[in-house]
Amino acid sequence: ILGQVNFTCPKTDIQEPNILQNVSIFPNPAHDIVNLDIENTNNPDIIFTIYNMFGKLVKSERLIRKQIDISDLCNGMYMLEIKSNEGTARRKIIIRK
């Protein structure tokens with residue numbers, strides 16, 4: 001006799017609030033400079049990393065001002081990752097010169 005078996009898996013991951021959820025990037029598409037608007041962060045140690053669409057690291061620096069110089073990057077779509085001890089944010093950016 002075949003019966004119905006139901007399995008319920010409890011959620012085991014812990015979701016911590018990510019303060020970097022509210023990150024705005026402008027202009028997008030961008031030409032030479034990308035401006036960041038990061039709400040509610042008091043962390044001076046923010047690192048940004050830019051990857052091309054193949055996943056290759058093309059730029060990584062400590063964010064000193066809320067601007068990123070992208071004048072050395074070619075046209076295309078990139079993934080911008082912003083990390084701090086308050087969390088991580090990822091945004092797509094388009095460079096069009």
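The model is a predicted one, in which local features need pLDDT of at least 70 and side-chain atom pairs count only at pLDDT 80 or more, while totals for chains, interfaces and linings use all residues. Residues are numbered from 1 along each chain as its sequence is written, and side-chain values use heavy atoms, leaving out hydrogens and water.

Now select strand S1 (23-26) and strand S2 (33-38), which form a hairpin with 6 residues between them. The two run antiparallel and are joined by 4 bridges, strands being paired if DSSP finds at least two bridges between them. Within this pair, Ile25 stands opposite Leu36 of S2. On S1, Val23 and Ile25 make up the covered face, whereas Ser24 and Phe26 make up the uncovered one.

Centre the view on Leu36 and, setting aside neighbours within four places in sequence, look for its contacts (heavy atoms within 4.5 Å), which include Ser24, Ile25, Phe26, Leu63, Ile68 and Leu80.

Finally, select Val34, Leu36, Ile50, Ile68, Ile70 and Leu80, which touch the most other members of the 19-residue largest nonpolar core. Such a core is a set of buried Ala, Val, Leu, Ile, Met, Phe, Trp, Tyr and Cys residues joined through side-chain atoms within 4.5 Å, buried meaning under 20% relative accessible area with a 1.4 Å probe, protein chains only.

Conventions:
Buried < 20%, exposed > 50% of the residue type's maximum accessible area, 1.4 Å probe, protein only.
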